[in-house]
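Thanks for coming, everyone. Please look at the screen, and I will walk you through a few places.

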Amino acid sequence: MVGKIVVSLVSLILVVGVILGVVIVLHQDGSSKDDDQSTKVQLKASVEEFCKPAEFKEACAKSLDSVAKNNSATMKDYLLVSIQITVDEVKKSFEVVEKTSVNNESDPYNHMAVEDCKELLQYAIEELQASYSMVGDTELHSLNDRVSELLNWLGAVYSYQSMCVDAIEKPEYKSAIEKGMVNATQLTHNAINIVAKMSTILQSFNVSIPSNLKSAAGSTSNRRLLEVNEIGHDSYPTWFPVADRKLLARHRFVTPHAVVAKDGSGQYNTVAAALAAYPENHRGKYIVYVKAGIYEEHIIISKKQPNVFIFGNGAGETIITGNRNFALMKIPTQDTATFSVLGNGFVARGITFRNTAGPEGHQAVALRINGDMAAVFDCSIEGYQDTLYYQNHRQFYRNCVISGTVDFIFGRGSAVIQNSLIIARKPLAGQFNTITADGKEIALKPGGVVFQNCRVVPEVELFPVRFQLPTYLGRPWKAYSTTVFMESELGDFIRPEGWMTWQGETFEQTCHYYEFANRGPGALINNRNRSFKNFRLISPEEAAQYTAAPWINGDMWLRHTGAPFYLGLGGR
């Protein structure tokens, strides 16, 4: 799966480079005696045009010094150099972190945070290097698809750096690491802006792109809504609907590679043991069937374990549970997760992911997904604060039950949650409920969470006091937090203000919170919080931009997951 993503990224680099390279070459083919001077002027102009969308223009221009001296350089060369320089700067950041020593016995929290930082920066380096190494491949046929893939990739690289700094608490560690990452974060920010404005750069060079390569983002609302409803074989537990058994069979999900059972009737007694048996260099799906039972485990699916498909006997029957938390154990948020997914192409069905730390544990994640193109359906994700962490990349949730209190659906990736039940639980006295806390940091970076055809309700314990303990749709974790509730049913306990500000910040001035075609007493927007500058009820045309096809490029990959889905508006 990683390879497929890299192919997508580098295809853009090749196509843009070849096209834009013509501009410079044409200037060099003239017969004027001022050829050399003309070429230098053109190259200078090329650097300026290339860096125009960059937030940090001086850093952008400086990063291109070596290529700007090359009279035969093309825009492809500019992009390659930009990636390589970013890699070099992230490596320098890694060296700074590697030299940071924190005693595990006296300060276990910051020791773990620094170790996490090393891991995150290593992910950034690996992903940038992989994209650079695959420049020659041009398999994709849509420029829009290529841009989306590259933005998805670079957005994750930026988030890795942000997460690294955010998790560290003590100033003596945090300030040095943050200072050592300035160049890397600036160059990554620049790369995101440049790719996001690629069509503008093309126009500035008077390059015409064939119509079949132009962005099709605006046409998504006209696409046929897709629902998976085929029938077929019965090679799965009886709770699998007939339609889904056939869909899974189409993808050769015939028999599990590993069966887990508490009673010893499977190959393994634990989920961890089944995942540890993942074969080296395995191709295709790795299928794990977890029989009914309660499995007290702490699971991490590594980046070297892509395409894991794990299914159980149903939510409430197959339960994977843990109690790691921040408040009582002083563990960084990402490390509290009961179940963590780093590998791409993850699919889960019919399982409960649970964190039992309770509201006293504060941050206590039940499910954390960092891998790209992940699908979770027919699952229950249970916790209190920070229950579901859509950490990075593109994710899809369908027919799920997600419960919690404070910021219980949060992250920095791009997520669509369809046809799911969102349950607000009873928080501690004096606390409040916020369903979402999106962490999109910069304007042109992909990211945000969309709820479509969901129901938002209080749990039984909250119901009697639902008007005394406030519940909000969300609050902005970062400056460009993006959250959309559309075609959903909002209960009467949702505060009329709808959205809550983040204390001590002014993110309400820059975040993007939208609603569309919601129903129920909580959907009335007359008294929504007016301090949110960009909040509004959006039109169908605008809402179409947040459906599964454009928001997470669902038309490219959801059909391969086995999950039911629809790509546009109006589905059920």
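Let's begin with a question: along strand 3 (residues 293-296), which side chains point to one face and are buried, and which point to the other? Gly-293 and Tyr-295 share one face and are buried.

Now some ground rules. This is a predicted model, where local features need pLDDT of at least 70, side-chain atom pairs count only at pLDDT 80 or more, and totals for chains, interfaces and linings use all residues. Residues are numbered from 1 along each chain as its sequence is written, and side-chain values use heavy atoms, with hydrogens and water left out.

Buried means under 20% relative accessible area, exposed means over 50%, and partly exposed is in between, with a 1.4 Å probe and protein chains only. Strands are DSSP runs of E, at least two residues, numbered from the N terminus. Two strands pair if DSSP finds at least two bridges between them.

Back to strand 3. It runs parallel to strand 6 (residues 318-322), and 4 bridges join the two. Tyr-295 stands opposite Ile-320 in strand 6.

Move along to strand 16 (residues 406-411). How many of its residues are buried? The count is 6 of 6. Strand 16 has a parallel partner in strand 13 (residues 388-390), through 3 bridges. There, Tyr-389 has Phe-410 of strand 16 as its bridge partner. Strand 16 also pairs in the parallel sense with strand 19 (residues 433-438), over 4 bridges. Val-406 stands opposite Thr-434 in strand 19.

Next, the core. A nonpolar core is a set of buried Ala, Val, Leu, Ile, Met, Phe, Trp, Tyr and Cys residues joined through side-chain atoms within 4.5 Å. The largest one has 57 residues. Among those with the most contacts inside it are Phe-339, Tyr-397, Ile-409 and Ile-435. Why does this core lie between domain 2 (253-404) and domain 3 (417-553)? Because both domains give residues to it. Those domain bounds come from an automatic or database domain assignment. A second, separate core has 46 residues, including Val-90 and Leu-342.

Zoom in on Ile-409. Contact here means heavy atoms within 4.5 Å. Leaving out residues up to four places away in sequence, Ile-409 touches Leu-388, Ile-422, Ile-435 and Phe-451, among others.

Phe-451 takes us to another pairing. Its bridge partner in strand 23 is Phe-485. Strand 20 (residues 448-452) and strand 23 (residues 482-486) pair in the parallel sense over 4 bridges. Both belong to an open sheet of 11 strands, in the order 1-2-5-8-11-14-17-20-23-25-26, with parallel pairing. Strand 1 (258-260) and strand 26 (536-537) stand at the edges with a single partner strand each, so one side of each has no neighbour in the sheet.

Finally, the loops. Most residues other than glycine have a negative phi. His-362 is not a glycine, yet its phi is positive, about 55°. His-362 sits in the loop between strand 9 (352-355) and strand 10 (367-369). At 32% relative accessibility, His-362 is partly exposed. Asp-378 also has a positive phi of about 55°. Its loop runs between strand 11 (374-377) and strand 12 (380-382). Asp-378 is partly exposed too, at 22%.

Last stop, Gly-430: buried or exposed? Exposed, at 77% relative accessibility. Gly-430 lies in the loop between strand 18 (421-424) and strand 19.
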